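Please look through the sequence and the structure below before reading on.

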Amino acid sequence: MLIEIPQLLNDAFVQKILSVLEGARFVDGKLTAGMAAAQVKRNEELAVDPDKLQLLYRILMTALGHDSTFKSAALPNKVADFIFARYQAGMRYGDHVDDPVMGGSGPRFRSDVSMTVFLSAPDSYDGGELVIRTSFGDKQVKLNAGDAVIYPSSSLHHVAEVTRGERLVAVTWIQSLVRDPAQRELLHDLDLAREHLLRTAPGESHTQRIDRSYANLLRCWAEV
Ligand code: NI
């Protein structure tokens, strides 16, 4: 399931992030790619700069912590440090699946959910769509600055070539409490129904049944 998260970052946070990235040093994105992905990856990533990264991580992690759609749909257990990627004209990232196990020298984790946070205004560049190949056909995603998309890390996907301007994104991976995308989707649906009932019919016995079912289904499936 592919879920868009409008305004994960408000305008002020987008501007803050862009100001930190402006003039920062970027390096070849191949350095962080697995063997297969490196062959199709043509982009750049923010060079390691602890002060800049701390500030950027803090903004993004705070936004994730406050976003109910993200929490309900991804059921995050571990969230990797964000990577800040830049695509200038002529850059692209060909079809690949993301690495299944990440973490390098630090603590390792499984990637269940991939996330892209769009940082550039969509009319400031041409191309650069994130294209996710689903069983219902290709899904093209190019969102407003501050919007995000999450999708199962098992999905084949690519970034179309940027033909004008510059595409800046923040990307990360999440190990979910629930590994199976179909189970996560079912829980997210049930959670939306539960939230609605808790608002509109808080005292009703059917609300309590749905609320209890959600909690106990999550208990069945969660791994921590
Ligand atoms: Ni990818």
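The model is a predicted one.

Take helix H1, residues 11–21, and helix H3, residues 50–66. Their axes are 11 Å apart, and the packing angle is about 165 degrees. Because angles over 145 degrees count as roughly antiparallel, H1 is roughly antiparallel to H3. The crossing of H1 past H3 is left-handed. On the H1 side the contact is made by Phe13, Lys16, Ile17, Val20 and Leu21, and on the H3 side by Lys52, Leu55, Leu56, Ile59 and Leu60. Sorted by class, the residues of this contact are 8 nonpolar and 2 charged, with no polar ones.

Helix H3 also holds alanine 63. Is this residue buried or exposed? With a relative accessible area of 10%, alanine 63 is buried, since the limit for buried is under 20%. Apart from neighbours within four places in sequence, alanine 63 is in contact with Leu8 and Leu9. Serine 120 lies 57 residues away from alanine 63 along the chain, and their C-alpha atoms are separated by 17 Å.

H5 passes H6 in a left-handed crossing. The residues of H5 that make the contact include Leu186, Leu187 and Leu190, and those of H6 include Ile210, Tyr214 and Trp221. By class, the contact of H5 with H6 has 10 nonpolar, 4 polar and 3 charged residues.

Now turn to the metal site. Which protein residues are donors of the nickel ion? They are His96 and His157, each through NE2, and Asp98 through OD, lying 2.1 Å from the ion. Along the sequence these donor residues follow the spacing H-x1-D-x58-H. Aspartate 98 sits in the loop between strand S7 (92–96) and strand S8 (101–102), while histidine 157 belongs to strand S15 (residues 156–159), so this pair ties together parts that are 59 residues apart in sequence. Aspartate 98 counts as buried, at 10% relative accessibility. Histidine 157 is buried as well, with a relative accessible area of 3%.

Note on methods: Residues are numbered from 1 along each chain as its sequence is written. This is a predicted model: local features need pLDDT of at least 70, side-chain atom pairs count only at pLDDT 80 or more; totals for chains, interfaces and linings use all residues. Side-chain values use heavy atoms; hydrogens and water are left out. Axes are lines fitted to C-alpha atoms, for helices over the stretch in contact, and angles run from 0 to 180 degrees between N-to-C directions. Helices (H or I, at least four residues) and strands (E, at least two) are DSSP runs, numbered from the N terminus. Angles under 35 degrees count as roughly parallel, over 145 as roughly antiparallel, 65 to 115 as roughly perpendicular and the rest as oblique. A crossing is left-handed if the near helix is turned anticlockwise from the far one by less than a right angle, and right-handed if clockwise. Contact means heavy atoms within 4.5 Å. Ala, Val, Leu, Ile, Met, Phe, Trp, Tyr, Cys and Pro count as nonpolar, Asp, Glu, Lys and Arg as charged, and the others, Gly among them, as polar. Donors are N, O and S atoms within 2.8 Å of the metal (3.2 Å for Na, K and Ca); water is not among the atoms, so sites may look incomplete. Buried means under 20% relative accessible area, exposed over 50%, partly exposed in between (1.4 Å probe, protein chains only).
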